[in-house]
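Let's walk through this structure together, one piece at a time. Have the sequence and the 3D view at hand as you read.

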Amino acid sequence: MRYKNNYADKIKKYVTNKNLTYCIDTMGCQMNENDSAKYKGMLEEMGFKEATQEKANLILFNTCCVRENAENTLFGRLGFLKKRKQAEEDVYIVVVGCMTQQRHILEKIKKSYNFVDIVLGTGSMSLFPAKLNSVLFSNKKERLFVTGFELYRFIALMDISLDFIKHNN
């Protein structure tokens, strides 16, 4: 896989020693099913074993903004996990998918569900091992949000700049 880097071995050793497990909750479209299979491959390559959501150490929600009631489903499930996250040491919550790229969703997660560890947009899958590494090994628990807004803004500014240069030379 593309993500192969120095994080994978470090994570695998930690995950194997602690016997950590994962669960992926896929909401929505066929594209999400495909992405969930990729996340599953990454997690298993890093040593995680699949488990039920009730027993999993890492719960990954792969969200969809197209499906009806998806927001309520996500927020209900996150709310359900809040007490468990506070009570247990090795519980990590990850939210990925196109829903996370909607500003109001991102703001709601930041404000009302601040126990979520990682939020990644659709174009940020390759960053998952690095972000997971930061969450697992950071002394301070910091939430990591990478949704792609900054990248899209940068690309848009570059396009405007290049267009300006092309027309003024």
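Let's start at a cysteine: Cys65 is partly exposed, with a relative accessible area of 36%. Here buried means under 20% relative accessible area, exposed means over 50%, and partly exposed lies in between, using a 1.4 Å probe and protein chains only. Before going further, please note that this is a predicted model, in which local features need pLDDT of at least 70 and side-chain atom pairs count only at pLDDT 80 or more, while totals for chains, interfaces and linings use all residues. Residues are numbered from 1 along each chain as its sequence is written, and side-chain values use heavy atoms, with hydrogens and water left out.

Back to the cysteines. The sulfur of Cys65 has its closest cysteine sulfur in Cys98, 3.5 Å away, which is too far for a bond. A disulfide is counted when a pair of cysteine sulfur atoms lies within 2.5 Å, and the structure holds zero of them.

Now for the overall layout. The protein has six helices and six strands, where helices (H or I, at least four residues) and strands (E, at least two) are DSSP runs, numbered from the N terminus. Along the sequence they follow the pattern α-β-α-β-β-α-β-α-β-α-β-α. Of the 169 residues in the protein, 43% are buried. Taking contact as heavy atoms within 4.5 Å, residues 24 or more positions apart account for 75% of the contacts with a separation of 6 or more.

Ala8, Ile11, Tyr14 and Val15 are the buried residues of α1. Seen down the axis, they fall within an arc of 140°, so they line one face of the helix; the arc is that of the directions from the helix axis to the C-beta atoms. Asn6, Asp9, Lys13 and Asn17 are exposed on the other side of α1. What covers the buried residues includes β4 (92–97) and α5. Just after α1, Asn19 takes a positive phi of about 55°.

What about α5 itself? Seven of its ten residues are buried, so α5 is largely enclosed by the rest of the structure. Among them are Phe128, Leu132 and Val135.

Phe128 also leads us to the aromatic rings. Rings of Phe, Tyr and Trp (its six-membered ring) pair if their centres lie within 6.5 Å; planes under 30 degrees apart count as stacked, over 60 as edge-to-face and the rest as tilted. By this rule the count comes to four aromatic pairs. In one of these, Tyr39 and Phe128 have ring centres 5.3 Å apart and planes at 85°, so the pair is edge-to-face. Tyr39 lies in helix α2 (residues 30–45) and Phe128 in helix α5 (residues 128–137), so the pair ties together parts that are 89 residues apart in sequence. Phe75 and Tyr113 form a stacked pair, 5.1 Å centre to centre with 15° between the planes. Both Phe75 and Tyr113 are buried, and ring pairs link Phe75, Tyr113 and Phe115 into a cluster.
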